Amino acid sequence: MAIIWHFIRIFSYTAVEGVWKVNTKPLVKHFANYTPLKEEEIQELEARLTERIVKRRHFILQAGDVCKHYNFVVDGCLKMYKIDAKGNEHNLQFALEDGWI
């Protein structure tokens with residue numbers, strides 16, 4: 001099973017030989033902080049990326065959903081939270097720009 005990576009942002013697309021592709025520069029730059037990627041690794045990454053647009057107050061997962069993706073935040077902030085039996089919200093994680101959730 002392939003892992004699909006998601007960007008959380010509206011991208012400007014670039015047409016390459018009639019094919020629309022995701023701008024991978026933010027993620028490649030993030031990986032370069034740890035290890036530089038070879039050109040063939042960048043191409044493999046491009047083949048596996050999909051874009052996801054999440055508007056304010058919308059969800060990437062609902063209660064009961066199984067998480068099947070890693071999400072890289074390009075713009076904005078996401079939070080993960082749970083609601084206890086009393087209806088209180090508990091923040092579990094925040095993902096800022098260049099962060100994972």
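1. Glu89 counts as partly exposed, at 42% relative accessibility (buried is under 20% relative accessible area, exposed over 50%, and partly exposed in between, with a 1.4 Å probe and protein chains only). Its partner in a salt bridge is Lys79, with the closest N and O atoms 2.6 Å apart; the term asks for a side-chain nitrogen of Lys or Arg within 4 Å of a carboxyl oxygen of Asp or Glu. Glu89 sits in strand β7 and Lys79 in strand β6, so the pair ties together parts that are 10 residues apart in sequence. Lys79 is also partly exposed, at 39%. By this rule the count comes to one salt bridge. As background, side chains of opposite charge can pair when their charged atoms come close.

2. A word on what you are looking at: this is a predicted model, in which local features need pLDDT of at least 70, side-chain atom pairs count only at pLDDT 80 or more, and totals for chains, interfaces and linings use all residues. Residues are numbered from 1 along each chain as its sequence is written, and side-chain values use heavy atoms, with hydrogens and water left out.

3. Now for the overall layout. The protein chain has two helices and eight strands, and along the sequence they come in the order β-β-β-α-α-β-β-β-β-β. Helices (H or I, at least four residues) and strands (E, at least two) are DSSP runs, numbered from the N terminus.

4. How much of the chain is buried? Of its 101 residues, 23% count as buried. The accessible surface comes to about 7800 Å², and 54% of that belongs to carbon and sulfur atoms; these areas come from the Shrake-Rupley method with a 1.4 Å probe, and for residues only the protein chains shown count as cover. Among contacts (heavy atoms within 4.5 Å) between residues at least 6 apart in sequence, 49% join residues at least 24 apart.

5. Please keep the confidence in mind as you read. The mean pLDDT of the protein chain is 77, and 79% of the residues reach 70 or more; pLDDT is the predictor's confidence in each residue, from 0 to 100. Where pLDDT is low, the predicted coordinates should not be read in detail.

6. Which residues make up the largest nonpolar core? There are seven: Leu27, Val28, Ile42, Leu45, Leu49, Phe72 and Val74. Such a core is a set of buried Ala, Val, Leu, Ile, Met, Phe, Trp, Tyr and Cys residues joined through side-chain atoms within 4.5 Å. The elements giving two or more residues to this core are α1 (25-32) and α2 (39-48).

7. Leu78 stands opposite Ala95 in β7, while Lys79 stands opposite Phe94.

8. Phe94 lies in strand β7, and it touches Cys77, Leu78 and Lys79, leaving aside residues up to four places away in sequence.

9. Another pair spans a stretch of the sequence. Tyr70, found in strand β5, is 30 residues from Trp100 in sequence and 7.0 Å from it in space, C-alpha to C-alpha. Tyr70 is partly exposed, at 47% relative accessibility.

10. Finally, where do residues other than glycine take a positive phi? Arg57 has one of about 70°, and its place is in the loop between β4 (49-52) and β5 (69-73). Arg57 counts as exposed, at 71% relative accessibility. Asp98 has a positive phi of about 65° and is placed in the loop between β7 (89-95) and β8 (99-100). With a relative accessible area of 43%, Asp98 is partly exposed.

Technical notes. Pairing = 2+ DSSP bridges.
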